[in-house]
Amino acid sequence: MIYGVGFLWGSLIIIAVSFAWLNGAFEDTRGYFYLLPWCILTGLMLSIPLAHSIYKQRFDPFHPVVFASWSYFIPGFFVGGLTLVFGLSQPYFLAYVLDEQYNLPLAFVYVILGFLGLWIGFLLPVGRFIGTKIGNRLPEWNWTPQQILKPAIILLVIGLINTAIGFAYGFLGFQKVEEIGTYDGVIFLLSLFWLMATFLLWLYIFRSKKLIFSHYLILALILTTSLTKSAFQGSRGALITLFTMVACAYVCSGKRVGLKQASIGGIIIFFAVTIGMIYGTTFRGVKGNQDTMRIDQFAGVIGDTVSTISARDFEKNIGGGFGALADRLDAISPLAVIVSNYERLAPHEETYGMAGNILNEAVTFPIPRVIWADKPVTIDATRYGDLYFNFPENSFTMTPMGDLLRNFGPWGVPLGMMILGLFLRIIYSALRENRPFSFWRAAMFFMLLTAVSYEGSYGLIIPYIFKVMVFAIFGIIIIRFFAGPGTQVSKQEASAA
């Protein structure tokens, strides 16, 4: 896997820099080469968990800290930092960074502190102790691939129905509702059954000893539904999300990741990133805004998007795709805006309803909107974009470090990330660390691991983990009802694991 990841980002850097050089991008750069040492230092610090796990011969690409490193921190802050250094990313809001020579390097410092806090929190013995105690009390349902097939398809159907409802009501895909409905959150979380069921079906394929005709039918089903959903979403990262799910199922199923698999994975990631950026950027340009629309209108936008891409020449498609990728990867610039302005804008956050959003979310999230219909939104992307970036029509990257800095100041960054690392260790020890294979444990681990967003608000991470956990448990209960208890794992198997 590490070869695949290295191949991906190395190829992207080489191609993007070469393309920018040939098109004279460096001639217009504002000169951020003084950030190169900070960028390299950040990259080295973010690579420590990967290097450590490889040195100890315990590399697991879906170890929570390693996963955070290669899936977001290195792409967003090291590779994204390089796009800023070499002028590939030149967002307009860099004008809002006061004293760039001080605040841009300081943003890298907060990234390092946040990531080290995450790793230290994960390494604390208390997390492993709590997680092990919880894991030992969980049921050992050991379903066979044949037992998991029927309930997984039922769960898939429930997820697809709620996904269609979500698109119809406007809170899924590239659209935005003016007011959050009472049951919107429930429908959204029920739509995650599609994700959980698809993951289980990939496990079903990978755990089967021999592939027969029925396996290829299942493969066609999950690929069709996955690609269709990705097309309707219009997301530039939908294909990467799909690849992450397949890779996680492959690893959790016990398959070995060798040089061949890693090389194939790296090639797939490269094309997924390129195609996703071209399609997602064109889709948003064709749609034009985030107004809600009917399913048939979405289908029309998809058709127009494909036609637009087909009509453009290859160079324009690649240029637009890599230009969008450079802007998308650069997570250091929006973080620097917060670093530069959070103290100055603190008095205005109360007016925008953003002040103290982390504590407010921690207090209000246990109460569902079904009970509290007027529950306030603790932080709104529109208001955040308006206050910090003077542009309410876009969802800007905040990152957990930026959110912690806004709420608690510099000390809040490492301490808050330590708490998150502690939660991740509890999840890892309860569901994956030294555990025998289990369909339901693997599915629960995948759902909770990918519930963590490192580009959004810190205040939403832990509440969202709990919400996903509740609905994932509900999904597992459905599977348990149809699949039965399975067989108990023997002590010899558990000790071997």
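**Salt bridges and burial**

Guide: At 0% relative accessibility, Asp-403 counts as buried. This is a predicted model, where local features need pLDDT of at least 70, side-chain atom pairs count only at pLDDT 80 or more, and totals for chains, interfaces and linings use all residues. Residues are numbered from 1 along each chain as its sequence is written, and side-chain values use heavy atoms, with hydrogens and water left out.

Visitor: Why is Asp-403 called buried?

Guide: Buried means under 20% relative accessible area, exposed over 50%, partly exposed in between (1.4 Å probe, protein chains only). Asp-403 has 0%, so Asp-403 is buried.

Visitor: What makes Asp-403 and Arg-406 a salt bridge?

Guide: A salt bridge is a side-chain nitrogen of Lys or Arg within 4 Å of a carboxyl oxygen of Asp or Glu. Here N to O is 2.5 Å, so the pair qualifies. Both residues lie in helix 16 (residues 399-408), three residues apart, about one turn of the helix. Helices are DSSP runs (H or I, at least four residues), numbered from the N terminus. Asp-403 and Arg-406 also belong to a salt-bridge network with Glu-349.

Visitor: How do you know that Arg-406 is buried?

Guide: Its relative accessible area is 9%, under the 20% limit, so Arg-406 is buried.

How values were computed. Helices (H or I, at least four residues) and strands (E, at least two) are DSSP runs, numbered from the N terminus.
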